[in-house]
Amino acid sequence: MSGIGASEGHRLRKSPLQRQMKQCDAVSTSAYSSPAKSLGDPGITPLSPSHIVKDSDAEDAVEQLFLVVVAIDFGTTSSGYAYSFTKEPECIHVMRRWEGGDPGVSNQKTPTTILLTPERKFHSFGYAARDFYHDLDPSESKHWLYFEKFKMKLHTTSNLTMETDLTAANGKKVKALEIFAYALQFFKEQALKELSDQAGSDFENTEVRWVITVPAIWKQPAKQFMRQAAYKAGMASPENPEQLIIALEPEAASIYCRKLRLHQMIELSSRAPVNGYSPSDTIGTGFTQAKEHVRRNRQSRTFLVENVIGEIWSELEEGDRYIVVDSGGGTVDMTVHQIRLPEGHLKELYKATGGPYGSLGVDYEFEKLLCKIFGEDFIEQFKIKRPAAWVDLMIAFESRKRAAAPDRTNPLNITLPFSFIDYYKKFRGHSVEHALRKSNVDFVKWSSQGMLRMSPDAMNALFKPTIDQIVQHLSDVFDKPEVTNVKFLFLVGGFAESPLLQQAVQSAFGSRCRVIIPQDVGLTILKGAVLFGLDPAVIKVRRSPLTYGVGVLNRFVEGRHPPEKLLIKDGTRWCTDVFDKFISADQSVALGETVTRSYTPAKPSQLVIVINIYSSEQDNVSFITESGVKKCGTLRLDLTGTDASVPNRREIKTLMQFGDTEIKAMAIDVATSKSVKVGIDFLNY
């Protein structure tokens, strides 16, 4: 089938008769799977050579002017926002200090936790939600709905829809869309309040351009889900979609890394001993100094981004490649970018990859360890019966998790909540101390102060499975032909603060490229997202995550087309269900690039023309009935009432515009200029 490459521009389309139809074997034979047969819809057939229009629609809305850009980093474990006024784009303000906070965890963000009242109304978010829930009496708390780490559900649900549910800590279910909308509405109100306080007058939502970050490896339905939740939260609307940008996390990080000055980052690969330390010492110490530096600056909350290219960046030349590894709480995302000079625009070289290898993996390992010591039946019961105490235990673990380091020698103590000790005795009839002695887990001991005492090796073992997966995945990426000659690896995201992860990445890849960590690594994405909102055109070329096309009829060719696809209409023999490709998975797409195809109704008298749009993760798709092909849009062009003097072969132009995380499609009847538009929809088909 004729695919179009951005580079080839206007390769001519083969006529339907010459078209070679490959891969005909894996085709379903059921007549019902053929839209053309089952709907009695004569369908459309290709008419013309294809061509690409580079320019985005001239009649597109004039760029709106916003006074401020607010970016929300909606993370699995923690979230936050930052903003910048368009008049002074070099100042990025990170949100006000939040109430609450945990011992041993200093951060500018707030936990991604949400609490609903027993009547399912929004109550609170972040530390406030967690602390309120925690202070409730157990008899009362079981009626309240508490959610945490719920963002992962969008990554792990294979058939995500607007109806997908989330389960609260007490086992009750609520629509995911509602929870996400509540969370975004909370951020919207906080940000508008802070902006109004700064401006001294009420700030209107219409004056704000919102940016929400999502992992690059999320599938299209999850990205669309985030946009729908933002509409529900009142940030933007389907009529005014430009007010909201869905930014990809590693892209945002990449944009920020370009601005880094040398004093704003730590290079792990400084081979020579620095100040008499060996490199392994510098990981810890350099980071501590950096943290001190960040802590001192924390009061100001305003970061100056100099409007220049940073020093590291100035070493990069045209065509140089670098990898951004964004390691967060839930997922790890990797993107390979290439520089395009002179403006330093970014081009995505290899489609985003990654997986659920975030720091949550370490929490799961800890939970597995607790199950091994105290029994899975007990842990399950404890989580249901004492949900607030379970949250407490995980908070205690979180602060010790952050203290884990490669060269640590002294043990890490984790306080067990009193209700854990108490409930265990009731449940088993013996003490926690007895369980530890009996469990054969020799690197976890009981200390008389009521703590679990873990040896550093035991803690490091909890990190190992997750870190191994990250290193393995990175190795696979490095082995790809597109990924040769990588100059830098930027390690960003909350999990990048872990010295264990830093050391593992440095020792595995330090010989291939320079490993760089921005100082305020947990805020990298947030700041990059603000910069992206100020100048969305900075990312010039992306890789299409899917193959897109439309279902058409081609003239049936004996011996080439499967007999079960034969459809005879008015004496003409058609091959039905043909997938006519617009763009292939992993093909480069310039932002705003429009691909155009021309079709004609298979039956000249046809007045309602239905064009179905399909997508697939596979590259080679011949028929829309193949497995993995999903319908994701319908263009319905009604030509009744139009002038009868239309040419015999009516030309219907179909355009798809790619680039942003959204894809728009349009059909135009050339003779009458009648047109219809649709956004590609992955949630409602």
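In the predicted model, the axes of helix α11 (residues 376–385) and helix α12 (residues 387–401) come within 5 Å of each other and cross at roughly 110 degrees. Because angles of 65 to 115 degrees count as roughly perpendicular, α11 and α12 are therefore described as roughly perpendicular to each other. On the side of α11, the contact is made by Ile379, Phe382, Lys383, Ile384 and Lys385, and these residues meet Pro387, Ala389 and Trp390 of α12. By residue class, the contact of α11 with α12 divides into six nonpolar and two charged residues, with no polar residue taking part.

A further helix, α16 (residues 499–509), has eight of its 11 residues buried, so it is largely enclosed by the rest of the structure. The buried set of α16 consists of Pro499, Leu500, Leu501, Gln502, Ala504, Val505, Gln506 and Phe509, where burial refers to a relative accessible area under 20%.

These helices belong to a protein that has 17 helices and 34 strands. Across its 685 residues, buried residues make up 56%, and the accessible surface of the protein comes to about 28900 Å², of which carbon and sulfur atoms contribute 51%.

Methods:
Residues are numbered from 1 along each chain as its sequence is written. This is a predicted model: local features need pLDDT of at least 70, side-chain atom pairs count only at pLDDT 80 or more; totals for chains, interfaces and linings use all residues. Side-chain values use heavy atoms; hydrogens and water are left out. Helices (H or I, at least four residues) and strands (E, at least two) are DSSP runs, numbered from the N terminus. Buried means under 20% relative accessible area, exposed over 50%, partly exposed in between (1.4 Å probe, protein chains only). Accessible areas come from the Shrake-Rupley method with a 1.4 Å probe; for residues, only the protein chains shown count as cover. Axes are lines fitted to C-alpha atoms, for helices over the stretch in contact, and angles run from 0 to 180 degrees between N-to-C directions. Angles under 35 degrees count as roughly parallel, over 145 as roughly antiparallel, 65 to 115 as roughly perpendicular and the rest as oblique. Contact means heavy atoms within 4.5 Å. Ala, Val, Leu, Ile, Met, Phe, Trp, Tyr, Cys and Pro count as nonpolar, Asp, Glu, Lys and Arg as charged, and the others, Gly among them, as polar.
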